[in-house]
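Work through the following exercises with the sequence and the model at hand. Each task is followed by a solution in steps.

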Amino acid sequence: MSALLLGHDDEPALAEEDVPGPVIDLVDARKTYTTGAITFEALRGVTLRIDRGEYVAIMGPSGSGKSTLMNILGCLDVLTSGSYALAGHDVADLDEEDLADIRNREVGFVFQQFHLLPSLSAKGNVMLPLTYRQNPGQSARAARRAREEAAVRALDRVGLADKAPNRPGQMSGGQQQRVAVARALVGEPALILADEPTGNLDSSSTDDVLALFDELHASGRTVVLITHEDEVASRAARVVRVRDGLIAEDTGARSFPTAVTEQGATA
Ligand SMILES: Nc1ncnc2c1ncn2[C@@H]1O[C@H](COP(=O)(O)OP(=O)(O)OP(=O)(O)O)[C@@H](O)[C@H]1O
Ligand SMILES: [Mg+2]
């Protein structure tokens, strides 16, 4: 059951299950990087729709545009042209602040390098995405207690409740990545996005982390995972292969009923 989340102006946002449509609706996405006088088109017209509850692996050679795509999907970066709607929110309409808000509410990230804050405990790290969450009428103290309880529940879910007081430097790599998974799921985001989450792990920790993704998928979460490894991708029900900034293969592509918004510049 998803908690009622705060929107802007203290209006309760829609509970996740009330938002209709796909989690990811990306149409003719293009991303151009400019470095000095050189421009490079890292995404050259990508159309991708991912429905709620899907488990999708994104694969492709180095430099093909996978992380660029992930940055767009996670609202860490914006398109040069095309349209993107995340959980029903058209990202083009949002300013920096709203984008950060959507990112915080709708996306849980897991990175290859874990990206935990070294000075915080496991619990402190997992609480971070909840920092600004407070239900209407709730005292600051009660809100903090609720955030702590949610963090401990998330740590318990990844099998690390006993490591709640440990700092990242006091945990193994596999444990740190499980803390990162707890941080990704604690806010009940619409989407869990992982970029090479097992890239720095040994095979036993890889199995642990993949088992967690399997569980998240089984419990109805939407998981998008970037990987180089066939073994990792084989856990996902759908594989999208990216090559030279384009989708070369999509084992789960479906036709679009309608595009959400007007398309950007076309080729
Ligand atoms: N900030 C940037 N400025 C300029 N070019 C960039 C930038 N980020 C990425 N690129 C270029 O865009 C292309 C796609 O990069 P991206 O990081 O998306 O690849 P990738 O598929 O994630 O590769 P890898 O598997 O090595 O992580 C590359 O040619 C890269 O050099
Ligand atoms: Mg990458």
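**Exercise 1.** Locate V78 in this predicted model and decide whether V78 counts as buried, partly exposed or exposed.

Solution.
- Step 1: V78 sits in the loop that runs between α1 and β4 (81–86).
- Step 2: Inside 10 Å, V78 has 14 C-beta neighbours.
- Step 3: A buried residue needs 20 or more such neighbours and an exposed one 12 or fewer. V78, with 14, therefore counts as partly exposed.
- Step 4: R30 is 48 residues away from V78 along the chain, and the two C-alpha atoms are 9.6 Å apart.

**Exercise 2.** Describe the shell around ligand 1 by its elements and by residue class.

Solution.
- Step 1: List the residues; among them are Y33, T35, F40, A42, G60 and K66.
- Step 2: Assign them to elements. At least two residues each come from β1 (24–35), β2 (38–50) and α1 (66–73).
- Step 3: The top contributor is α1, which supplies 3 residues.
- Step 4: Sort by class: 8 residues of the shell are polar, 3 are nonpolar and 1 is charged.

**Exercise 3.** Characterise the largest nonpolar core and trace the contacts of L193.

Solution.
- Step 1: The largest nonpolar core comprises 69 residues.
- Step 2: Helix α5 (residues 173–185) gives the most to this core, namely 6 residues.
- Step 3: The residues with the most contacts inside the core include I58, V126, L193 and V224.
- Step 4: Setting aside neighbours within four places in sequence, L193 contacts M70, L73, G74, V107, F109 and V224.

Methods: Residues numbered from 1 in each chain as written. Chains lettered and ligands numbered in written order. Predicted model: local features only at pLDDT ≥ 70, side-chain atom pairs only at ≥ 80, totals over all residues. Near = placed C-beta within 6 Å. Helix = DSSP H or I, 4+ residues; strand = E, 2+ residues; numbered from the N terminus. Nonpolar A, V, L, I, M, F, W, Y, C, P; charged D, E, K, R; others polar. Core = buried A, V, L, I, M, F, W, Y, C linked by C-beta atoms within 7 Å. Contact = placed C-beta atoms within 7 Å.
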